[in-house]
Every structure is written in structure tokens, then in C-alpha cells.
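Open the model in your viewer and keep the selection panel at hand. Each stop names what to select and then what is there.

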Amino acid sequence: MAAPVPVASDRVPASQKIGFGLGSFLDMWGHWLYQSMAFHVFNVFLGVAPGLISTALGLKIFVDAVSDALFGWLSDNTRSRWGRRRPFILIGGVLSGIGLPLMFAVGRGWSDGEYFIFMLVSTCLYVPVMSCFNMPWNSLGAEMTPDYHERTRVMSVKNAIQKIPELAMFVAAQFTTLAVFNDASGKPDILLGAQVYTSILGAIMVLVSIAIFLLTRERYYEKVVAQSRQRVPFKDTLYRTLKNKPFRQMLGTMLTYNMATAMVGLLGYYATVYYVCGGNVVEATKWNSLMGVAGLVSGLVGISFAGWVAKRHGKRNALMTVLVLGIFAFIGDWFFYNPALPWLQLFASGGVAFIGAGFWTIYGSAMADVIDHDELSSGQRREGSFAACGSWISKVGLALGNSASGWVLMFTGFDAKLPAQDEQAIFLIRVFLSGIPICGLLVALFIVSRYFLTEQRMHEIRATLEARRGTV
């Protein structure tokens with residue numbers, strides 16, 4: 001069957017692409033900002049044991065499992081004048097912005113156990129708020145267009161916009177060490193800096209949530225979902241979604257990618273602080289900000305590159321290409337973290353950002369194809385169920401990776417209370433920083449090589465669906 005010529009009605013207006021893309025502000029800051037700053041604040045400044053921090057970050061996965069499934073299921077079955085996704089996006093987004101600074105509302109001089117309990121309770125309370133926003137928002141991305149390549153363009157715009165909140169995450173550590181936050185002794189008050197910074201970002205999140213609600217539309221809701229009274233059973237958020245083979249393939253690829261990169265994301269920060277900068281936290285945070293800029297530029301290039309490969313050779317080949325380049329990028333980390341040439345770190349962060357941006361652009365686009373494949377057999381649009389299951393599996397990988405990261409750091413012999421780190425600890429940090437991701441990406445590469453939803457197959461599925469229920 002020849003590929004159909006794209007029609008104008010398949011195109012998503014720029015305003016809607018931007019509106020959807022703005023959700024990355026909440027996704028990045030609501031989900032990942034806390035994790036990226038937790039060790040900087042609680043370990044480096046407050047002295048909490050890294051194993052306790054990573055454990056607290058990992059244990060919230062049990063709350064994630066319930067809240068993601070709940071809000072994915074609720075948004076699939078909601079019927080309202082504003083659609084089934086947008087009301088949750090508005091409410092969850094506003095509450096997540098309000099709650100972000102409260103995650104660092106701790107006192108000084110607490111015991112490790114008290115900090116651990118606060119981290120565990122606060123993260124478990126914040127998780128359902130983020131699920132209320134994130135599950136409907138992720139679902140919305142899979143139902144904006146039926147076109148195979150337009151889906152990649154939607155994800156490309158989203159991931160390009162995502163570079164802005166990503167940069168804010170890189171700058172976060174430097175912001176907390178600004179002189180304006182210094183204590184009476186002249187040392188940076190990192191906790192105060194974190195509280196101010198998250199208050200600013202939280203206010204932006206509230207405003208962005210309103211903008212998303214106003215700019216986006218729900219294409220499939222109006223033309224398919226609203227016409228049906230059939231409801232999605234709660235058990236489908238896990239059981240029936242996992243019966244879909246291409247979905248399992250995408251999950252396996254994403255799971256190994258997440259685990260491999262999450263386990264060493266922490267090590268990159270410590271390699272900069274204690275290897276390249278010799279323990280100078282203020283100097284290291286400046287380099288961290290520059291690495292964020294390098295990542296922004298490289299990420300934009302990575303999005304364009306992955307989209308170009310997907311357009312010409314299909315999404316499977318694009319993912320495989322990105323993963324191969326990722327292996328070379330992590331090999332390069334051994335050489336790019338160099339105290340004699342600290343500017344080489346820009347290539348380390350740039351390489352990781354390049355492959356990450358490309359990976360998530362194609363992954364998001366491929367997931368929309370998976371949902372069409374599921375509709376072919378189920379007759380339902382269950383974006384929320386797939387978003388919930390995918391998010392939960394993703395967070396399992398991240399939780400395992402994050403939980404392991406602190407213990408990996410401790411295994412190296414690192415001790416934040418020492419004025420200088422042992423050479424053996426620095427050596428092991430560098431070995432793990434390169435070696436662990438390479439192993440994970442090799443596994444992901446094998447899994448994605450088995451993915452069978454080609455462009456030709458997706459055109460066939462679309463033709464069958466439209467013959468059954470009409471166009472959208």
C-alpha cells in the first residue's frame with residue numbers, strides 16, 4: 001500500500017503545538033527539578049547520607065503506581081465541556097506550582113532521620129498532584145494528529161521548548177550559591193537559595209498551566225470519544241496495555257535507557273565538583289550552568305537530527321541511530337571530564353543532551369503509533385491508560401536507577417564530609433559514569449531492533465481505522 005499524501009487537516013496549528021510543548025515546564029520542574037537538587041541541598045549542604053536520599057526518592061514509586069493509574073483512568077473516562085484532559089491539566093498544574101517550593105520547607109540542624117521522613121512524606125504528597133497534571137498531558141500528546149510524521153513534528157516542538165526548563169535545571173545549583181544567599185560567615189546558604197528558586201519556578205508553573213488549558217484542543221475527544229458511552233475498566237491501565245506487543249517493546253527500550261542514565265546522572269555532578277573542580281562547589285555550579293547551555297544547543301540539534309532520520313528511514317532506525325551515538329557519547333565522558341581542560345565538560349553534557357532529546361522525540365511519536373495499533377484491536381482510545389502504564393514503568397526504571405545511584409556513589413568510597421576525595425573514589429566515579437550507561441544502551445538497542453510498527457504498517461492501520469469510525 002502506498003503511503004498517503006499528508007493533508008492539511010492532519011497538521012496541528014502552531015499555537016496548539018506550543019501549548020502542548022509548554023507542559024514540559026511542569027514535567028521537568030515538577031518531576032525532575034527536585035531530584036536534581038536533592039543531593040545538592042540535602043547531602044552537600046545539610047550533610048544527609050546519600051543512601052537515605054536515594055532511598056526516599058525511590059520509595060515514592062509505590063505512590064506513583066497508584067496515582068498515575070488513577071489519573072490516567074479518570075481522564076480516559078471523563079466527559080466534560082472542556083474535554084477529558086484539559087480540566088485535569090489545569091487543576092493539577094496549578095497545584096503542582098504551589099507545592100514545588102514546599103518540598104524544601106525544612107529546618108536546619110535536623111537529624112538524618114528527620115530529613116529522611118520529611119523527604120519521604122513531602123514527595124509522596126506531591127506525587128498525586130503531578131499525576132493529575134502529567135497523565136492527561138502525556139495522553140494529549142498522543143491524540144493531536146493521526147499523521148505518522150506530524151506526530152514527530154509535534155514531539156519535536158515539545159522537546160525544543162523543553163530545552164528552556166532544562167536550562168533552568170542546570171542553572172539551579174548556581175542560583176543557590178549566589179552571594180546574595182551567603183550566611184554570616186560568607187558561605188553559600190544553599191537551602192535558602194533553593195527555597196527562593198523553587199518559589200519563582202512554582203509561580204511560572206501556575207501561569208503555564210493556564211496557558212496550556214487555553215491553547216490546546218482535544219482532537220480525538222470531539223470526533224471519537226465523546227460519541228461513545230463505553231468506559232475503560234481500571235484494570236486496563238496495566239493489564240490490557242501490557243498485552244500490546246509494540247508497547248512492551250517501547251517500554252523495554254525506555255526502561256533500560258532510564259535505568260542506565262539515572263544510575264549515573266548523579267555521578268556527573270560529583271565528577272564536576274570533586275574531580276574537575278577539586279571540591280570547589282561554587283566553581284562547579286558555574287560549569288554546571290555552562291553545561292546546561294551546551295546541552296540546550298546540542299539538544300536542539302539532536303531533535304532536528306532524530307526527526308530527519310525518522311522522516312527518511314522510519315522511527316525504528318532513528319531510535320537505533322540515536323542509541324548507537326549515545327554509546328559513543330558515554331565513552332567520551334571518560335575523556336571529557338578533565339581537570340586540566342574543564343571546558344571539555346561542555347562536550348560531555350552536549351553529547352548526553354543530543355541523544356536524550358533525539359530519543360524522547362522519537363519515543364513520544366512512536367507511542368502515538370502504538371495507541372493506534374491498540375485501537376485497531378480494542379476499538380477504544382485509551383491514551384490515559386497507556387500514559388499511566390508507561391509512566392509507571394518509566395518511574396520504576398528511574399526509581400531503581402535513582403535508588404541505586406546513591407549506593408553506587410557510596411560504593412566508590414565518596415564522603416562529602418572529607419575536604420578532598422580519595423583517588424580511588426574519583427576513579428570509580430569515572431568508570432561507572434561511562435560504563436553503566438553503555439551496558440544499558442546496548443540492551444535498549446537490541447530491544448528496539450525488534451520493533452515492527454513501520455511507516456508502511458502505520459498507514460495500513462490508519463486506513464483500517466478510518467474505514468471503521470471515520471476520520472478525525
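**Before you start**

This is a predicted model, in which local features need pLDDT of at least 70, side-chain atom pairs count only at pLDDT 80 or more, and totals for chains, interfaces and linings use all residues. Residues are numbered from 1 along each chain as its sequence is written, and side-chain values use heavy atoms, with hydrogens and water left out.

**Stop 1: H10 and H15**

Select residues 245-276, helix H10, and residues 423-448, helix H15. Helices here are DSSP runs (H or I, at least four residues), numbered from the N terminus. The two axes come within 8 Å and cross at roughly 165°. Axes are lines fitted to C-alpha atoms over the stretch in contact, and angles run from 0 to 180 degrees between N-to-C directions. H10 and H15 are therefore roughly antiparallel (the term covers angles over 145 degrees). Their crossing is left-handed: the near helix is turned anticlockwise from the far one by less than a right angle. Colour the contact of H10 with H15 by class: 21 nonpolar, 6 polar and 1 charged residues. Ala, Val, Leu, Ile, Met, Phe, Trp, Tyr, Cys and Pro count as nonpolar, Asp, Glu, Lys and Arg as charged, and the others, Gly among them, as polar.

**Stop 2: H12 and H13**

Now select H12 (residues 315-336) and H13 (residues 345-378). Their axes lie 9 Å apart, at an angle of about 160°. H12 and H13 are therefore roughly antiparallel to each other. The H12 and H13 crossing is left-handed. The contact of H12 with H13 holds 17 nonpolar, 5 polar and 3 charged residues.

**Stop 3: Gly332**

Stay on H12 and pick Gly332. Is Gly332 buried or exposed? Gly332 counts as buried, because its relative accessibility is 10% (buried means under 20% relative accessible area with a 1.4 Å probe, protein chains only). Draw a C-alpha to C-alpha distance to Thr198: 33 Å in space, 134 residues in sequence.

**Stop 4: the second largest cavity**

A search of the whole structure finds 3 cavities of 30 Å³ or more. A cavity is a set of points on a 1 Å grid over the protein atoms alone where a 1.4 Å probe fits but cannot get out. Volume is the space filled by probe spheres set on the points, which are joined across faces, edges and corners.

Select Gly30, His31, Lys60, Tyr126 and Val127, which lie nearest the centre of the second largest cavity. The lining has 13 residues, each with an atom within 4 Å of a point. Helices H2 (23-45) and H6 (112-141) each give two or more residues to that lining. By class, the lining divides into 6 nonpolar, 4 polar and 3 charged. The second largest cavity holds about 120 Å³ of space.

Notes. Parallel < 35°, antiparallel > 145°, perpendicular 65-115°, else oblique. 1 Å grid on protein atoms, 1.4 Å probe; cavity = no way out; pocket = protein on both sides within 12 Å on 5 of 7 lines; lining within 4 Å. Buried < 20%, exposed > 50% of the residue type's maximum accessible area, 1.4 Å probe, protein only.
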